[in-house]
Amino acid sequence: MKKALVSALLILTAIPLLLAVGQLPPHGSAKSPAYEHVSAYYLEYGAEEAGAENIVTDVILNYRGFDTNGEVTVIFTALAAVMGVLLLGRESRHPVEQPTYPPSIVVRFIVRLLAPFIAMFAIYVILNGHVSPGGGFQGGTILGALAIALTLVLGENEARRLIPEGARPWLQAAAPLTFVGIGLAGLTDVGVYLGFPTVETLTWVRTMWLLMLEIGIGLGGAVIISSIFWTMEGER
Amino acid sequence: MINALWNNLDYAASIVLFLIGLYAVIAKDNLIKKFMGLNIMETAIFAFIVALGVVDGGDAPIMGEGARAPFTNPIPQALILTGIVVAVSTTALALSLVIRIHKQCGTIEADELRELE
Amino acid sequence: MSQVFDIVLLLLLITCAVAVIRSKDLLAAAIIFSAYSLIMCIIWQLRGAPDVAMTEAAVGAGVTTVLFLVTISRTVRREK
């Protein structure tokens, strides 16, 4: 009864929404209002003014850098909240020696063989984010997924040694700290928080600035994703 | 109207996906199924916003040697990158809350949770 | 020809979404959700948005599916 009522209401909601969507400017036209004004400026002047050939990296790290500052703070807060929900009130950690159902020997061999290549590809994606599709967060997620795969194969105690215990809180906070640090450096250099040095001829200085931000986001994202997995998986 | 929708097929598909996700959030009882519906709603909205910036025959917005005009609009893509990160953060927190609820109350069905107190 | 491909991909997307909702086995729903994320990534790559496609592939198949599987292993497997 409830499901029939909900379905009927949703079909009734769909009709005015589909009517509204049909009246938007046609899909794929180059004259839509979203395309004319600001995007034309970014596409034309973005490459020299902001130091990256990938305009999307340009936009998220230079023109709209404050949004990315908020995004890395959000994912760091999510890690803090996950640890707060799951770790408070837990008794001592149960040490897990080996995985409860160890995968077959083929899986173990292939994962251990491929791990260095996956790490190399992830570092390539991070460092090449300004000339090809990719960027900081994509490479960081690939490194985090590699840590998860190694946890499934090697057991949690071995895999946790990938990230040393003393440095772990600093690495988890690497992304917001990098952003704030570079923002303050821009404040002393240019006079605006998160401002890039605007010397006309030295584009490579801006590219180096972008690369520091990307490495910070990449490392921070990798450690945060692995930490979320280890916190959720340690429950028995 | 059918002709107008045929031109804007991407937008119509994302509206349909959004309503499918909304049905799952309202009408299903299991908490994990509700969060899957929430994720489907989020990706439907991402598809809608990226589709607003697509140009016919457009290239990826990367300058270099082989780049030809016209380019796809880069601003919606930048918005959606931040949006995907926020979506994964909310999913992680929501699923850890589900684990905690199961450990504390023994069930994750919404109607049983309502009668529990 | 490419328009037929577009329509087939969109229909497959809607089918995967309906299958995620209707399946009672939560493990099957999580795997079909990973396939849904992959089809969305392919659609974005075809539309000329490679950055978004790479992020959705890494996050959707790598992180969200793994988190769902960890939750299912710590709670229930079937929906009532």
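The dialogue that follows treats helix pairs and then chain contacts.

Modeller: This is a predicted model, in which local features need pLDDT of at least 70, side-chain atom pairs count only at pLDDT 80 or more, and totals for chains, interfaces and linings use all residues. Residues are numbered from 1 along each chain as its sequence is written, while chains are lettered from A and ligands numbered from 1 in the order in which they are written.

Colleague: At roughly what angle do the axes of helix α6 and helix α7 of chain A cross?

Modeller: Helices (H or I, at least four residues) and strands (E, at least two) are DSSP runs, numbered from the N terminus. Axes are lines fitted to C-alpha atoms, for helices over the stretch in contact, and angles run from 0 to 180 degrees between N-to-C directions. Here α6(A), residues 105-127, and α7(A), residues 136-154, have axes that come within 9 Å and cross at roughly 165°. Angles under 35 degrees count as roughly parallel, over 145 as roughly antiparallel, 65 to 115 as roughly perpendicular and the rest as oblique. The two helices, α6(A) and α7(A), are therefore roughly antiparallel.

Colleague: Which residues in α6(A) and α7(A) meet?

Modeller: Two residues are in contact if their C-beta atoms, placed from the backbone, lie within 7 Å. In α6(A) they include Val111(A), Ile118(A) and Phe121(A), and in α7(A) they include Ile142(A), Leu146(A) and Leu150(A). For classes, Ala, Val, Leu, Ile, Met, Phe, Trp, Tyr, Cys and Pro count as nonpolar, Asp, Glu, Lys and Arg as charged, and the others, Gly among them, as polar. This contact of α6(A) with α7(A) has 16 nonpolar, four polar and two charged residues.

Colleague: How are α3(B) and α2(C) oriented, parallel or antiparallel?

Modeller: The axes of α3(B), residues 31-51, and α2(C), residues 26-46, come within 12 Å and cross at roughly 5°. That angle makes α3(B) roughly parallel to α2(C). By class, the contact of α3(B) with α2(C) has nine nonpolar, one polar and no charged residues.

Colleague: How many residues does the contact take from chain B and from chain A?

Modeller: Chain B gives 43 residues and chain A gives 49 residues. On the side of chain B that touches chain A, α4(B) supplies the largest share, 15 residues. That side of chain B divides into 31 nonpolar, nine polar and three charged residues.

Colleague: How many residues does the contact take from chain A and from chain C?

Modeller: Chain A gives 15 residues and chain C gives twelve residues. On the side of chain A that touches chain C, the largest share, six residues, comes from α7(A).
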